[in-house]
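Please look at the sequence and the 3D structure below, and keep both at hand while reading the report that follows.

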Amino acid sequence: KSELNTISYTMPIASAQVKSAIIFAALGSKSPVEIFEPFQSRDHTELMLNYLGVDIQTVGKKIIVPPLSNSLSNFNMSIPGDPSTAAFFAAAAAMIPNSDLTIKNISANPTRIGFFNILEKMGGGISWSNIRKECGELVGDLHIYYEPLHGVTIAKNEIPSLIDELPIISVMASTAEGPTIVEGAEELRVKET
């Protein structure tokens with residue numbers, strides 16, 4: 001078995017993809033690897049590996065990944081609905097008078113629901129029910145209904161949880177009363193969205 005050298009890595013931007021690649025590599029390292037994030041990015045990898053018995057620890061902005069001491073076991077996992085995909089349906093319901101929509105079994109992971117937090121902040125009708133944990137992930141049913149929207153300011157620290165949804169937020173903002181301001185979204189210059 002070849003073991004990778006241990007590193008302490010400070011991420012220049014919050015990126016769940018880069019973080020996940022480092023986490024998977026860290027499982028084969030000689031000793032624990034430390035990863036520092038400027039803002040918390042999506043944490044599906046950490047939750048899944050913790051669910052499988054890997055003792056990944058998060059302390060503030062630092063993630064500590066131990067090397068694997070044993071092979072991971074086979075597992076079955078239920079994959080909840082994707083909040084980024086659901087955002088388009090939710091935005092339509094939020095913008096069209098008399099709309100009422102329920103999306104069942106959607107991820108309620110706090111690192112993934114930034115769009116829904118902004119929708120609520122804009123005055124949109126939104127409520128969660130049937131919140132539960134499945135395979136370490138929060139899952140629930142989301143109810144969205146029309147309410148008049150108003151502009152908001154989206155701060156830089158909110159961007160990692162809604163970066164993929166910024167285009168649909170801009171569409172919602174075009175129908176809202178007053179301006180919407182987005183701060184710190186430089187990563188959009190390199191995102192596929």
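## Asn 109 and its surroundings

The side chain of Asn 109 makes a polar contact with the side chain of Asp 43 at 2.8 Å, where a polar contact is a pair of N or O atoms within 3.5 Å, one able to donate a hydrogen and the other to accept it, with residues adjacent in sequence counting only if both atoms are side-chain atoms. Asn 109 sits in the loop between β5 (100–107) and α4 (114–121), helices (H or I, at least four residues) and strands (E, at least two) being DSSP runs numbered from the N terminus.

Asn 109 is buried because its relative accessibility is 1%; buried means under 20% relative accessible area, exposed over 50%, and partly exposed in between, with a 1.4 Å probe and protein chains only. Not counting residues up to four places away in sequence, Asn 109 touches Asp 43, His 44, Leu 47, Glu 137 and Leu 138, contact meaning heavy atoms within 4.5 Å.

## How the model is read

This is a predicted model, in which local features need pLDDT of at least 70 and side-chain atom pairs count only at pLDDT 80 or more, while totals for chains, interfaces and linings use all residues. Residues are numbered from 1 along each chain as its sequence is written, and side-chain values use heavy atoms, leaving out hydrogens and water.

## Leu 166 in helix α5

Leu 166 belongs to helix α5 (residues 166–175), and with a relative accessible area of 6% it is buried. Apart from neighbours within four places in sequence, Leu 166 is in contact with Ile 154, Ile 159, Val 182, Ala 185 and Leu 188. Leu 166 and Leu 188 are 22 residues apart along the chain, and their C-alpha atoms are separated by 8.6 Å.
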